[in-house]
Amino acid sequence: MTFIGTIGQHTTTRMRTAAHLFAVLGSILAQATRLRNWPRTTRAVFARQVLFTGVEALRFVSLVAFLTGISVVVQAQVWLGKAGQSAMLGSVLIAVILREVAPLLVNFIVIGRSGTAIAVELANMKVFGEIKVLEAQGLDALLYLAIPRALAFALSVFCLTIWFTIVAFISGYAFGILFGVGATDPVIFMNTVLKGLHPADVYNLLAKTLVPGLFTAGICIMEGLSVRHSITEVPQAATRAVVRSITALFIISAIVSVLTYI
Amino acid sequence: MNANDPILEFRDVTIATALRGHAGLDQVNARFRPGTLTIIQVEPGNEQLPLADLAEGLLCPEEGHVSFQGEAWTAMLPEQVLQRRAQIGRVFDGHGWISNLNVNENVTLSQRHHTRRLNAEILAEAETLARAFGLSELPKIRPALVAHQDLRRSEWIRAFLGRPLLVLLERPMQGVPLEHLPRLISVVREACVQKAAVLWLTDNDRVERHSELPPATRYAMRGQTMVKMENG
């Protein structure tokens with residue numbers, strides 16, 4: 001095959017994969033709106049996934065947020081103070097933490113902790129014939145495995161991002177006081193931050209958490225279920241799931257930033 | 001559908017491809033009516049048959065068709081397929097568990113998913129069946145942690161839970177001491193009284209010739225052909 005032909009074939013394959021992903025996500029969203037697709041078993045899977053992806057990640061997310069708060073918020077306070085632009089602190093923090101750092105880092109954490117877990121879990125289920133066991137009992141794999149996981153992912157990423165932002169601001173403020181930089185009055189600090197917040201930030205936050213969360217889940221589910229018969233395919237599927245989820249995350253993040261702020 | 005119409009029917013079913021170790025089938029014709037037991041003796045070396053997968057519409061025959069309650073699986077809508085499968089109990093030939101659910105959750109999964117019965121009611125029925133099969137209680141740990149024969153008997157519970165219309169037993173005595181066979185036969189007999197069709201695949205002569213078995217239609221696999229036995 002010619003060089004151009006190889007590029008074309010590669011592009012076609014990528015486009016087909018993307019179309020499949022959109023079809024899966026479309027089905028998940030469409031089916032999730034039907035109440036009868038939420039029997040108690042599916043609700044239990046949703047609750048478990050929120051517990052695993054959201055609640056159990058709280059400690060690690062808090063640690064990362066705490067350290068991010070120290071480095072970013074304190075630096076912002078120091079440099080803006082030196083430049084005589086302390087009034088811009090809120091805008092800068094919102095732009096750095098809420099718009100970019102928090103959604104990105106939380107999505108990374110969720111991909112690393114839960115995305116790989118889902119891909120490996122579903123791949124193992126496929127290899128060991130457990131999908132067939134579900135189908136033999138009249139359970140649809142999409143409804144029982146995919147819908148609750150995808151929605152739990154999106155919800156968890158959104159909640160964790162808010163939590164991340166709060167912890168980062170608190171730690172930044174606390175260390176600012178400790179190092180003797182920035183506002184000492186918490187109300188002044190909070191007002192400065194809130195002044196930097198615009199309605200567009202809310203849409204940005206929703207788009208940068210719910211959408212990548214859904215895409216990560218969709219990609220990891222697809223990769224997990226793409227495994228055929230061999231256990232050796234499982235780690236390959238997990239690797240592909242991580243790489244594609246991170247790629248999707250950056251693409252979505254860039255598109256949302258451009259659409260929201262330019 | 002009349003009361004005596006077959007629950008499951010194989011008409012000229014042929015499946016030649018050896019899918020993942022399954023043996024093929026050639027021109028299989030059989031009807032499984034309510035309240036009947038059918039025993040199919042499998043050949044050594046060809047134990048894993050696609051019969052149960054075909055019976056549940058999980059596999060499509062290359063020729064012929066399989067009907068459940070008078071309707072071909074291929075003619076049903078996806079939602080109908082799922083609803084009908086919920087009326088089938090099965091003991092799998094091989095791995096039959098969801099690894100990340102406890103055994104009790106596995107056993108009650110179909111009933112919790114498809115019905116509005118109370119959890120307590122489903123569990124009570126499962127515990128009754130557990131005792132009938134000689135288990136002190138339904139295991140509440142992951143399948144990987146349960147002894148093989150207890151796991152197999154838990155699979156019996158799942159197969160009969162919720163009074164299914166069709167019970168598919170794929171070599172259910174695998175790994176289970178024969179002393180438990182009368183317990184299984186007793187529940188099979190009760191299922192037949194309740195108008196279920198029971199399809200029992202076995203490779204064990206002692207199972208097939210057990211004196212307590214209710215009257216049964218008997219088939220034997222000869223290569224890819226299913227032959228009806230004279231005493232059946």
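Let me start with Arg117(B) and Glu121(B), whose side chains meet in a salt bridge, with 3.2 Å from N to O. The model is a predicted one. Arg117(B) has a relative accessibility of 19%, and because the limit for buried is under 20%, Arg117(B) counts as buried. Glu121(B), at 42%, counts as partly exposed.

Salt bridges with shared partners link Lys132(A), Asp53(B), Glu56(B), Arg90(B) and Glu170(B) into one network. Over all chains, the rule gives a count of 24 salt bridges.

A further pair within chain B is that of Glu9(B) and Arg31(B), a salt bridge at 3.1 Å from N to O. How accessible is Glu9(B), buried or exposed? Glu9(B) is buried, with a relative accessible area of 12%.

I now turn to the boundary between the chains. Which residue of chain B does Arg48(A) meet in a salt bridge? The partner is Glu105(B), at 2.8 Å from N to O. This pair crosses between chains: Arg48(A) sits in helix 2 of chain A, residues 40-54, and Glu105(B) in helix 3 of chain B, residues 103-114. Arg48(A) is partly exposed, at a relative accessible area of 38%. Another salt bridge joins Glu79(B) with Arg36(A), at 3.1 Å from N to O. Across the interface of chain A and chain B, the rule finds four salt bridges. It also finds 15 residue pairs in polar contact there, with both residues at pLDDT 80 or more.

Which helices supply the side of chain A that touches chain B? Helix 2, helix 4, helix 5 and helix 6 of chain A each provide at least two residues. Helix 5 of chain A gives the most to that side, with six residues. By class, the side of chain A that touches chain B comprises nine nonpolar, five polar and ten charged residues.

In terms of extent, the contact involves 24 residues from chain A and 33 residues from chain B. The size of an interface is often given as the accessible area lost when the parts come together. Here chain A and chain B bury about 2300 Å² between them, and 50% of that is on carbon and sulfur atoms. Within chain A, the residues that lose the most area to chain B are Arg40(A), Ala136(A) and Gln137(A), which together account for 28% of what that side buries.

Finally, the nonpolar cores. The largest has 66 residues, and those with the most contacts inside it are Leu93(A), Leu134(A), Tyr144(A), Leu145(A), Phe164(A), Phe169(A) and Phe189(A). Among the elements that give two or more residues to this core are helix 1 (3-32), helix 4 (89-127), helix 6 (141-178) and helix 9 (233-261) of chain A. Helix 6 of chain A gives the most, with 16 residues. Apart from this core lies another, of 37 residues, including Ile39(B), Trp156(B), Leu184(B) and Leu213(B). In soluble globular proteins, nonpolar side chains tend to be buried together.

How values were computed:
Residues numbered from 1 in each chain as written. Chains lettered and ligands numbered in written order. Predicted model: local features only at pLDDT ≥ 70, side-chain atom pairs only at ≥ 80, totals over all residues. Heavy atoms only, no water. Helix = DSSP H or I, 4+ residues; strand = E, 2+ residues; numbered from the N terminus. Buried < 20%, exposed > 50% of the residue type's maximum accessible area, 1.4 Å probe, protein only. Core = buried A, V, L, I, M, F, W, Y, C linked by side-chain atoms within 4.5 Å. Contact = heavy atoms within 4.5 Å. Buried area = accessible area lost by both parts, 1.4 Å probe. Polar contact = N/O pair within 3.5 Å; in protein donor to acceptor, adjacent residues only side chain to side chain. Nonpolar A, V, L, I, M, F, W, Y, C, P; charged D, E, K, R; others polar.
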